[in-house]
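Here is a brief report on a protein model with a ligand. Please keep the sequence and the structure in view while reading.

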Amino acid sequence: MQNTEPNKLETIASLCKRRGFIFQSSEIYDGISGFWDYGPLGCELKRNIKESWWRQTVRLREDVVGIEATIIMHPAIWKASGHLDTFSDPMSMCRDCKKLLRSDHAWDIFADGDTGGAMADLFAGGAPDIGRVVAWIKGRGKGVAPNLAAVKAPDASIPHLAAGLASVTSSRDLYTLLATPAGATAPTRACPHCGGDMTEPRPFNLMFKTIVGPVEDPANVAYLRPETAQAIFAQFPNVYATARQTVPFGIAQMGKAFRNEVTPRNYTFRSREFEQMELEFFIKPDEAVELLCGRVITLADNPDLATISDAWGWEVWHKYWVEQRKAWIISAGLPADSFVEYWQKPDELAHYARACVDIEYAFPFGTQELEGIAARSDFDLSQHQKHSGKSMEVFDEALKLAANKLDDTAKAAFTEKVAADWTARGKSADAARAFVARLFDGKYIPHVIEPSSGVDRMALALLCNAYAEETVTDEKGKSEVRTILRFAPNIAPIKIAFFPLVKNKPELYAKAREIFSGFQRRWNCFWDESGAIGRRYRRMDEAGTPFCVTVDFQTLDDGTVTLRDRDTMKQERLTVAALKEKLETILD
Ligand code: GAP
């Protein structure tokens, strides 16, 4: 993905470090790649994101409950889920510089790095002729990509380059041509760092391994969870037995996940340790809905997504959750036009998935996945039933009664209809018949819709969206650039900053402390008594604080304070009671 605003991410990262949002992990030891720490403002931002998600996904619903599972679980879980066998990225190593990289990221790394820039320069003014290319490989190329075949043996490469240039239309083509030695039978897979020859891609499993107990034996290997979702599936029978919920209902979890990403990139976007917020929303299979309701509502029926119906099929539930997720993203402060829905094409879907939508945000480095909403059929629970030998079925009395109302002919017709439908989808007719027989007994394994989001990606998107620079001119005509984070008030790390106008007047100072303490009980507030008021405002603008309150001499006379709005910079005087009422309306 091409870096669309190359400097913006660096500017934001620099602000994040300066203001205490995000620090490199273990920085005093030169850092550790792919790991990030959140400072005082960053941890409040993340907490607000998580609290908002939890409130909207769990607390405000009667059909979703939460769990908090361990990070290390029985390794059999990862066998059943498929992570042990297939959770991998293609990895290559450069035979020259020995760097390891994710093969499918090679051109992104190239585009974002010095090599891509140097190739683009060669294209300035049109496709380069052999003279410019030869000058480049004998000059600048030695510093930029010393292991390109043409840079290593410039004179021997000239005829081969002259012949190949005719088919070069992009900087990638040119880079590949320069990397491929004369006489080679296939183009070289060029290392984006040095131009060397990369090995064939090999799958690299992303799960971090650890040992449980004191004995370093393969039998004691366990894994740090690469997603929070699997614990929800593994605990499904316990939650179902205790939560007094019936299908459809959801189980939510948020927490740490770990992936040994081959090339962690783009600041916190692809980290090795991150947090997820995941919901598994269990629904009836469409066949059960049909038995119970006599029909299945699909998207073709243009259903009203604001009114949940017993007759909704998986397609409608999936769309419902896409809309729910979008509403939450907007409520957290990302404008509707800053992200897009990407509906995966049939050939991109996992074999068990019926549909998957990625919500993609326009990050400065390109439009990339913020979160995903997948319709995963009954794959996960079925896998755990198969591998654990424990039943993942639910029993639905109403379903059994509905089936009992059918006579044998109707049952046979229903069974064959399902068998034909399954066969059309490449599934076994016998499996369909066995499934229908269980349905007639009122039993089925629930299907699932999975909205899965990343806290860190959301935090990064919110930071990118909130960042702004604007030129402001004061009453004396002096202009300056103010940097501002325009967070939505509900997500802003600090809600209100309190400033005593001066700190050397005990009565005024005490009054300001008193007002501050009253608000601090309710919202995250910040006390700042140092520097000119204007400078204090600027610091809070950079922290994204929506409101600043100044307590001055007039406060002692009439009990009013000055409220300053971050975005408009407008100030108004109001009583403390009116201030509280106003902020309640906005912040709660
Ligand atoms: N259970 C499904 C699942 O884990 P995923 O698309 O692999 O799906 C879901 O991950 C979300 O987790 C992503 O959309 C993203 O927000 C976040 N995420 C995944 N890998 C990440 C990484 N390496 N760094 C930061 N966030 C990540």
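## The ligand shell

This is a predicted model. The ligand is surrounded by 18 residues. The closest are Glu 227, Arg 259, Glu 278, Glu 369 and Leu 370. By class, the shell holds 9 charged, 5 polar and 4 nonpolar residues.

Three strands each supply at least two shell residues: E10 (273-283), E13 (366-375) and E16 (447-454). E16 gives the most, with 4 residues.

## Polar contacts and cover

An N or O atom in the side chain of Arg 259 lies 2.8 Å from a ligand oxygen. At Leu 370, a polar backbone atom is 2.8 Å from an oxygen of the ligand. At Gly 454, a polar backbone atom is 3.0 Å from a ligand oxygen. On its own the ligand has 550 Å² of accessible area, and the protein covers 88% of this.

## Asn 48 in helix H2

Asn 48 sits in helix H2, which spans residues 40-59. Is Asn 48 buried or exposed? Its relative accessible area is 11%, so Asn 48 counts as buried, the cut-off being under 20%.

A polar side-chain atom of Asn 48 lies 2.9 Å from the backbone oxygen of Ala 492. Beyond neighbours within four places in sequence, Asn 48 is in contact with Asn 490, Ile 491, Ala 492, Pro 493 and Lys 495.

Conventions. Residues numbered from 1 in each chain as written. Predicted model: local features only at pLDDT ≥ 70, side-chain atom pairs only at ≥ 80, totals over all residues. Heavy atoms only, no water. Near = heavy atom within 4 Å. Polar contact = N/O pair within 3.5 Å; in protein donor to acceptor, adjacent residues only side chain to side chain. Areas by Shrake-Rupley, 256 points an atom, 1.4 Å probe, with all protein chains shown as cover. Nonpolar A, V, L, I, M, F, W, Y, C, P; charged D, E, K, R; others polar. Buried < 20%, exposed > 50% of the residue type's maximum accessible area, 1.4 Å probe, protein only. Contact = heavy atoms within 4.5 Å.
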